[in-house]
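Subject: Handover of a structure and the findings on it

Dear colleague,

Please find below the structure that I am handing over to you. A short account of the findings follows it.

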Amino acid sequence: MTSTSWRPSSTWGWSASAIVAATLVVVPVGMLATSVLSPSRDVWAQQWSTRLPGELVTTAVLLVGVAVGSIVLGAGLAWLVSAYRFPGSGTFGWMLILPFAMPSYILGFLTLSTLGRTGPVQDAWRSAFGQDAWFPAVESLGGAIVAFTLVLYPYVYLLTRAALRDQAAGAYQAARTLGAGPSEAARRVVLPLVRPAIAAGGAVVMMETLTDFATVQYFGVDTVSVGVFRIWRGTYDRDAASEIATLVLAFALMAIGMERVARGRAKFGQSGGAASGLDRRVLTGWRAVLATSTCAGIVLGAFVGPVIQLSVWAIREQTGNRGTPLLDQYPGYLWHSVQLVVVTVVICTLVAFVVANARRFGGRRTTQLASRAIAVGYAVPGPVVGIGVLLATVAVDRALGRIGLGLPGFVATGSLLVLVYAYTVRFLAPGLSAVESGVGQVPEEMTASARTLGAPPIETARRVHVPLARASLFTAAVLVGVDALKELPIVLLLRPFGFDTLPVWVYNLASESRYEQAALPALSIIVVALLPVYLLSRRLEGSPR
Amino acid sequence: MSALVLDGVSKRFDDVVAVDDVSLQLGEHELLALVGPSGCGKSTLLRMIAGLQPPESGTIELGGQTVDGHGVAVAPERRGVGLVFQEHALFPHLTVDDNVGFGVRDGDRGGRVAEMLELVGLRGYGRRYPHELSGGERQRVALARALAPRPTLLLLDEPFASLDPNLRARVRDDVASILRTTRTPAVFVTHDQNESLAIGDRVAVMQAGRIAQIDTPERVFHAPTSRFVAAFMGEASFLIAGTEPPALTGDDLPAGTTVMVRPDDVTFEPTDAGDALIRSAEFRGSAWCYTLQLDSGGELRSTRSHLERIAVGTRVAPRLRPGHRPVPIPISS
């Protein structure tokens, strides 16, 4: 006799929901990837003879430059604050992650407005050293690399610090007791141990750089992502845009490949041990001054300075004699952003909770596969997600049309639905990982007790999992919400006509060099974005569990 | 009617057989102790009975109703089975009252909760939270919670393992007497053979996914059907009839039969003409346990009052105590 696998307790429903969620995330990327299989020669020939070669080279240089810069800065600062004591080292420990709250499109326009050709710094320079005095070109690939590095290095910094705290400290102490000096122990033990974390940070930084096509345009830098945006917004040629977007996907895959190579076969788990962190050496004299001023310079340049500049502009704009015509528009943009954020947060948190619970109630293997597939969304650059979602919804649109349910112009004009779908694909992963860790911490016995006490899965989830994983649901909502609020590329690509969010407003004003007017919306984005930074800093300071 | 019937229940994880063709029946008010070394499949068996894991083959019946097998798979919440875990698994966000009332779905919930707290001796604890209770109190709340919905069967997974040894025996006796008061049939899993002997009406010894022996505590201890059961349930020495002295193996068994003797079965007299030597002595508080080396090759242990101390190296003549019999063990084990 064979056993039956039919379980009428509706547990299959949980697995099925997880699979549906994963499919909805993967399908757009899959559809985009398969568009390579039917290339249109005209598009390629035209692109290849014009912008494409330059875009490819620029993208490669930008990615490598930002990755190297972020690794040097992020890993270096992480080592500095983990291994040494100097005036302010404790405070800088968390202040160095502040740039996380600074979207690149805001730091980008600030850099240009202050250091650019027409900015006050170059004005002063020229009046001091003459009209032809040399000044590094800010509107350049180099300028873009510096700006991206300043906002993205915290990824490397955070991952490296976590690795130093969790893994390297014990090994470092062991090496010291085996007779290695500080620098030898750092080189032979610590560096190899944190290498996977640095590589992972570098890969994330490249993905974030690749996703952008707004900031780079301030600097006059044309990447492949810019190419996708220009084709789509310029011609609304879906096929052409999707084919160029596959190149963005190819760059993303290369970044992942580089991480694999850099990590080698090393894959270190948490090596236990009650190591209480590295024994920090005290720096004195000029070394201490150098360390403190380096950290202060980074924090000042990447976060504090920009925020002060924005505040000055915002105040001047509101109190100026020109009146405040733009303030009237603020609520409208805010309302669009809030709508988008709330809908995205509700959908992502809900789906994440269902998928996390499916792991408890449904088939373990299928749901594990599903949650891995969902993680793909976050690793795929925004333009790829955007164009992929477009392809998927067009296909749905056509299918509906064929069976006579077509809504005229449903996709072509763009709809909020498409935008929310793209946001969900992109931001479900961080929400899911937060919720999964929360639900995962509820002991299996707790779930089993509730079930045997007569509570079906849904009731168990509501009465036991929700209250016990409440903190993680909140964290997920914050992470998703702030990511959604900051998001610019996807909304530029897919927004319905007239649907402008705060970031779009900032971008438009900055593109027209109306920096003072862009200051207030930019500041509001930064203030909200400080929320997850606060959560991160608490985790950073908290003792390892 | 049987409270529980297992028929040919099996479960494997990948290539590992966790539970292998297990069949057993549980009487209407019976308390069955399921004992075995860790990894023998006893917890998996319990989870299958609770419906938390589907068996791969075989059938499970609860109170005469098939809950697994024959195309049926009843969800855990519809089996009416209570479950108590080692870590108690109380809901930390609920008070004692709400924990105990969690599964009460009909009628006078408050009355039932009060009745259960009274039963486990925790009247007045209702408004406390689990973290405000001691280990023993948590254990009793877990029991009250599991009993509140009037389960047809109670399953206990190592329920006393997390309690410290002083508390353990007392809580164990309390739980057993509560189960007997409520006449709830129960299967409880343990790796501690003394616990299984003390609490079970019957004891099922599991080994590598199979039930090696299921019988009364006395018979499982004194009449094991395999060498594994004999050794697992208590200290045992194994001797071969015909090879070792008949004073230890008896004289009515065919030569070559393996027999088991426990340390309390054996006594000895110091004499230069003895056929054994004391090799070592171990103090056990109430007694000394001597390891004897037989001239014929075998080795056995013998316990003796702490009032007497015999030096290592003394020559002795061991024999069975009057009334104790050697237990033949089937060769197949």
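Two strands are said to pair if DSSP finds at least two bridges between them. Strands (E, at least two residues) and helices (H or I, at least four) are DSSP runs, numbered from the N terminus. This is a predicted model, in which local features need pLDDT of at least 70, side-chain atom pairs count only at pLDDT 80 or more, and totals for chains, interfaces and linings use all residues. Residues are numbered from 1 along each chain as its sequence is written, and chains are lettered from A and ligands numbered from 1 in the order in which they are written.

I begin with chain B. Six of its strands form an open sheet of mixed pairing, in the order β7-β8-β9-β3-β10-β11. At the edges stand β7 (81-84) and β11 of chain B, each of which pairs on one side only. From one strand to the next, the twist averages 20 degrees.

Leu83(B) has Leu155(B) in β8(B) as its bridge partner.

Chain A has 22 helices and two strands. Its radius of gyration (taken over C-alpha atoms) is 25 Å, close to the 24 Å that the globule rule gives for 545 residues, so chain A is as compact as a globular protein of that length. The globule rule is 2.2 Å times the number of residues to the power 0.38.

Within chain A, helices α17 (residues 444-452) and α18 (residues 457-468) pack at an angle of about 135 degrees, with their axes 10 Å apart. Axes are lines fitted to C-alpha atoms, for helices over the stretch in contact, and angles run from 0 to 180 degrees between N-to-C directions.

Finally, the contact between the chains takes 22 residues from chain A and 23 residues from chain B; residues are in contact if their C-beta atoms, placed from the backbone, lie within 7 Å. On the side of chain A that touches chain B, α17(A) gives the most, with six residues.

Yours sincerely

How values were computed
Contact = placed C-beta atoms within 7 Å.
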